[in-house]
Amino acid sequence: MNFLIIALIVLAVVTVAQILRVFELSGKINNQDINDVTDEDNDRQGKYLLAFSFVFVGSTIAMTIGWWDLLLPYASSVHGEKVDNLMAISMIMIGVVFLITQPVLFYFSYKYRGVNGRKATFYAHNTKLEFIWTVVPALALTVLISYGLYVWNGIMDPEDKDSIQVEVYAKQFDWTARYAGADNKLGRANVRMVGGINSLGVISTSAKDARIADIDADIAMMKQQIAESSNAIKNAKREKTIAGLVKSRKTVIALELQTTPADLKNAEDDIVVKELHLPVGKQVQLNFRSQDIIHSAYMPHFRVQMNCVPGAHTQFIFIPTQTTAEMKEQENNPDFEFILLCNKICGAAHYNMQMKVVVETEEEYNKWISEQQTLTASLN
Ligand SMILES: [Cu+2]
């Protein structure tokens with residue numbers, strides 16, 4: 001099949017070359033050079049250009065109207081409205097400029113299409129004109145960028161309210177959320193504490209005890225295997241594994257020792273879940289971490305996006321304004337769900353790296369959170 005396709009392409013190229021050759025030869029017979037540009041050629045090309053301008057501008061307008069309903073619904077967050085306004089103003093300015101400049105560009109190309117003997121005017125310089133086309137776009141861009149920075153600063157530096165603290169943890173290829181519990185303070189975490197149920201590596205005394213118990217069980221198992229086996233090569237490997245486990249054990253103990261009693265206490269009531277629940281109208285601070293590579297937490301309906309960087313802490317503060325139930329009604333779609341998805345191509349299953357987000361009333365949220373088990377409880 002591939003061979004046939006290549007053969008077909010080669011044949012097509014040869015055919016075109018042969019046809020051109022025929023034109024050239026027939027031109028020679030009639031004492032014409034086919035490279036000469038005639039007035040008919042110029043006229044035809046000019047009209048093609050005009051026709052293309054209608055297709056180009058027309059299809060741009062048609063696609064904008066036709067795919068309008070693919071745009072996101074109105075923002076479901078307080079700052080989202082400002083982002084949408086910024087976007088709308090930019091798009092209106094771009095649209096107006098596009099609709100003026102493109103038709104003019106094509107029309108003049110058509111109007112002054114080549115005619116044998118016509119000479120182009122040599123117009124080298126006009127200070128006034130250059131001043132206008134420099135100052136007008138500069139002013140427009142200054143206004144847009146200043147407004148953009150103003151909006152951005154307002155979003156990144158929100159009013160200081162008591163935000164609900166939630167951690168959003170990214171790894172290939174899923175999301176996990178951690179709620180701060182009754183104290184609204186997240187405990188510290190470290191990737192070296194990751195193990196068993198403690199998938200986020202939260203540092204607490206009970207997490208340490210559970211991890212040490214796991215490691216001790218592994219060491220005991222390895223030792224037993226060594227005692228029962230006479231395979232020297234396999235046993236040497238097992239000894240190496242034990243050495244690694246002993247090192248991990250030391251690290252886990254050190255991590256707990258280095259954590260302040262207050263931080264250890266903060267971690268005890270943390271709640272780890274696989275679904276993000278947010279109360280409507282309340283300020284939320286999402287704190288992002290990543291276990292492996294850069295991911296990006298994207299919540300399109302709230303106009304929220306933030307990179308999740310291994311070894312770094314990033315955050316985003318916002319206020320949701322609509323519940324999932326309200327959105328189902330507004331969108332006339334009983335299956336509507338808010339969503340958090342990864343917006344950095346992070347590997348083979350990137351497309352499926354998403355988490356459901358539920359926005360509900362404060363009562364519903366309080367009920368939900370009270371039903372969740374703390375990490376400490378699930379470790380015991
Ligand atoms: Cu990802």
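I looked up K250 and found its place in helix 6 (residues 232-258). Helices here are DSSP runs of H or I with at least four residues, strands are runs of E with at least two, and both are numbered from the N terminus. The model is predicted: local features need pLDDT of at least 70, side-chain atom pairs count only at pLDDT 80 or more, and totals for chains, interfaces and linings use all residues. Residues are numbered from 1 along each chain as its sequence is written.

**Entry 1**

I asked why K250 counts as exposed. K250 has 11 C-beta neighbours inside 10 Å, and therefore counts as exposed. The rule I used: 20 or more other C-beta atoms within 10 Å of a residue's own make it buried, 12 or fewer make it exposed, and anything in between is partly exposed, with C-beta atoms placed from the backbone. I also checked I212, which is 38 residues from K250 along the chain; their C-alpha atoms are separated by 9.3 Å.

Next I went to T260, in the loop between helix 6 and helix 7 (261-268). T260 counts as exposed because it has 9 C-beta neighbours inside 10 Å. The C-alpha atom of T260 is 9.6 Å from that of R188, at a distance of 72 residues along the chain.

**Entry 1: strand 5**

I looked at strand 5 (residues 284-290), where six of the seven residues are buried, so the strand is largely enclosed by the rest of the structure. Which strands pair with strand 5? Strand 1 (residues 164-171) pairs with strand 5 in the parallel sense over seven bridges. Strand 8 (residues 314-318) runs antiparallel to strand 5, and five bridges join them. Pairing requires that DSSP finds at least two bridges between two strands.

I traced an open sheet of five strands in the order 4-10-9-6-7, with mixed pairing. Strand 4 (276-279) and strand 7 (304-308) stand at its edges with a single partner strand each, so one side of each is left without a neighbour in the sheet. On average, neighbouring strands of this sheet are turned by 20° against each other, direction ignored. Axes are lines fitted to C-alpha atoms, for helices over the stretch in contact, and angles run from 0 to 180 degrees between N-to-C directions.

Inside this sheet I checked strand 9 (residues 338-342) and strand 10 (residues 354-360), which pair antiparallel over four bridges. There I339 stands opposite K356 in strand 10. Helix 9 (residues 362-371) packs on the sheet and touches strand 4 and strand 10; the direction of helix 9 makes about 140° with that of strand 4. Contact means that the C-beta atoms of two residues, placed from the backbone, lie within 7 Å.

**Entry 2: the whole chain**

I counted up the elements: the chain has ten helices and ten strands. Buried residues make up 20% of its 380 residues. The radius of gyration, taken over C-alpha atoms, is 33 Å, whereas a compact globule of 380 residues would have one near 21 Å. The globule rule is 2.2 Å times the number of residues to the power 0.38. The C-alpha atoms fill a box of roughly 100 × 60 × 45 Å, taken along the principal axes.
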